Amino acid sequence: MMSQTLIQIVDAAVADAYQRGGHHLVCHPGCSQCCIGVFPIAHEDGARLREGLAALEQTDPAKATRIHTRVKDALTRLDPWFPGDLNTGILNEDHEAAILFEEFANDEPCPVLDLTTGTCDLYEHRPILCRTFGPPMRSEGDNGEVNLATCELCFIHATTEEIAACELDPTIPAQEEASNEAFNTAHNRHGQTLIAYALRSPAPLP
């Protein structure tokens with residue numbers, strides 16, 4: 001599945017979930033709570049972000065420079081504790097790394113976030129996780145039970161039935177995984193990275 005096709009499918013599914021969610025979804029420009037704290041992204045997400053930054057360098061060099069500066073500052077803070085390969089920017093996938101990641105950089109703002117406006121400077125190129133955050137989405141708990149996870153600011157007064165009625169298309173994760181696997185195979189990549197490492201200069205090694 002081509003990345004652009006996946007984006008179209010995801011954006012359509014999110015728009016549908018928002019229509020059903022109505023007033024329970026309170027996400028708006030300037031609300032950036034979900035932009036604080038690092039999170040893994042696929043290499044395909046990273047490539048999309050790099051494309052967006054390259055385009056921004058042509059259309060708004062000043063904004064692009066601010067992103068580069070925030071990326072550099074973030075890497076200064078992240079590098080000493082990064083639970084992965086600093087050369088490639090790929091996170092380790094073992095159990096110990098997963099435990100370390102739980103406490104890693106939870107207060108670190110996304111380098112693409114404009115802290116003044118609380119908005120994303122590469123919004124049109126943002127990762128799939130950013131696009132789908134907010135509406136109820138299936139997640140599997142440690143005991144194998146399926147839960148519907150939502151942004152903690154949304155659905156505060158919703159009933160269980162109302163939350164279930166607004167669930168994001170449950171096929172999205174499988175479609176995203178297939179797209180990521182195809183990208184990784186085509187580009188000889190594996191694992192996941194972070195936004196700061198995807199956007200550092202020079203670009204990460206294969």
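Start by colouring the charges: the mean positions of the 13 positive and 31 negative charges of the protein sit 10 Å apart. Here Lys and Arg count as positive, Asp and Glu as negative, while His and the chain ends are not counted; each charge is placed at NZ of Lys, CZ of Arg, CG of Asp or CD of Glu.

A quick heads-up: this is a predicted model, where local features need pLDDT of at least 70, side-chain atom pairs count only at pLDDT 80 or more, and totals for chains, interfaces and linings use all residues. Residues are numbered from 1 along each chain as its sequence is written, and side-chain values use heavy atoms, with hydrogens and water left out.

Next, switch to cartoon view and you'll find 8 helices and 6 strands (DSSP runs, H or I of at least four residues for helices, E of at least two for strands, numbered from the N terminus).

Now select Phe82 and Phe104. This aromatic pair is edge-to-face, with 6.5 Å centre to centre and 65° between the planes. (Rings of Phe, Tyr and Trp, using its six-membered ring, pair if their centres lie within 6.5 Å; planes under 30 degrees apart are stacked, over 60 edge-to-face, the rest tilted.) Phe82 is in the loop between helix H3 (61-78) and strand E1 (84-85), and Phe104 in the loop between helix H4 (95-102) and strand E3 (113-114), so the pair ties together parts 22 residues apart in sequence.

Is Phe104 buried or exposed? Phe104 is buried, at 5% relative accessible area (buried is under 20%, exposed over 50%, partly exposed in between, with a 1.4 Å probe and protein chains only).
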